[in-house]
Amino acid sequence: MTRVIIFGTGKFAEIVHYYLNEDRDYKVVAFTESSPKKRKFLGLNIIDFSQIIKKESCDFDEIFVAIGYAQMNQVRSKICKEIIKNNIKLLTYVSKKALISKNVVLGKNVFIFEKNNIQPYVTIGNGSILWSGNHVGHHSKIGEYCFITSHVVISGNCTVGSNSFLGVNSSISDSTNIAEKNLIGASCHINSDTKKSDVFINKSAINIKKKSNEFFN
């Protein structure tokens, strides 16, 4: 059983704690933060991150950095890089309910939720998060510290640049290159190469100012 410390005490950390506790291969033994303001979270001790770096904390095997997409994933990136620099092992987790080809290459601190379908010859860089129900096509490359939300389609032979965010139900056409630090909003369809730090949004649904019961009478 792998003993895990989770960095963070937010909602993402709570979700990670739930998934790892449901998986009998893992045991969460503590949480950690920089200069924590409280002592416990979900009944477990919160250890000052400085003690982790100095290796003065409790016994553990791996750390998972459960920080979301703040500042285009740069907060998570900074913490992961510091952990790597100090030769501490980062956890990569793949749900047993995900469908992942055998030759997929995964970096450190990757978290892949249930019902992801990842085809052959895909590479996923350090610190990238794939929430539930995505499709990643063959020969595609997801860079470091990306955040892929839910029901995203990345077609075959695509590149997603580091520190990018792909919103719910967005889609990328085959052989398209998404540059680094792109923000692809919910339901956007991208079919041509993008530039660094591009932002794409889709129009919201239109409220037609009628009451729902008018359609059922």
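A salt bridge, as the term is used here, is a side-chain nitrogen of Lys or Arg within 4 Å of a carboxyl oxygen of Asp or Glu. Colleagues, the structure above is a predicted model, in which local features need pLDDT of at least 70 and side-chain atom pairs count only at pLDDT 80 or more, while totals for chains, interfaces and linings use all residues. Residues are numbered from 1 along each chain as its sequence is written, and side-chain values use heavy atoms, with hydrogens and water left out.

Let me begin with the salt bridges. By the rule just given, the count comes to 4. In one of them, the side chains of Lys96 and Asp23 meet at 2.9 Å, N to O. Lys96 lies in the loop between β6 (93-94) and β7 (99-100), and Asp23 in the loop between α1 and β2, so this pair ties together parts that are 73 residues apart in sequence. Helices (H or I, at least four residues) and strands (E, at least two) are DSSP runs, numbered from the N terminus.

For burial, I call a residue buried under 20% relative accessible area, exposed over 50%, and partly exposed in between, with a 1.4 Å probe and protein chains only. Lys96 is exposed, at 60% relative accessible area, and Asp23 is buried, at 7%. Lys96 also forms a salt bridge with Asp25, the closest N and O atoms being 3.0 Å apart. Asp25 lies in the loop between α1 and β2, and Lys96 in the loop between β6 and β7, so the pair ties together parts that are 71 residues apart in sequence. Asp25 counts as partly exposed, with 40% relative accessibility.

Lys89 is exposed, with a relative accessible area of 52%, and Glu62 is buried, at 11%.

Glu33 belongs to strand β2 (residues 26-33). Leaving aside residues up to four places away in sequence, Glu33 touches, among others, Phe7, Ile46, Ile47 and Phe49; contact means heavy atoms within 4.5 Å.

Turning to the sheet, 5 strands form an open sheet with parallel pairing, in the order β8-β11-β14-β17-β20. Its edge strands are β8 (105-106) and β20 (177-178), each of which pairs on one side only. Two strands pair if DSSP finds at least two bridges between them. Strand β17 (residues 159-160) pairs with β20 in the parallel sense over 2 bridges, and the bridge partner of Val160 in β20 is Ile178.
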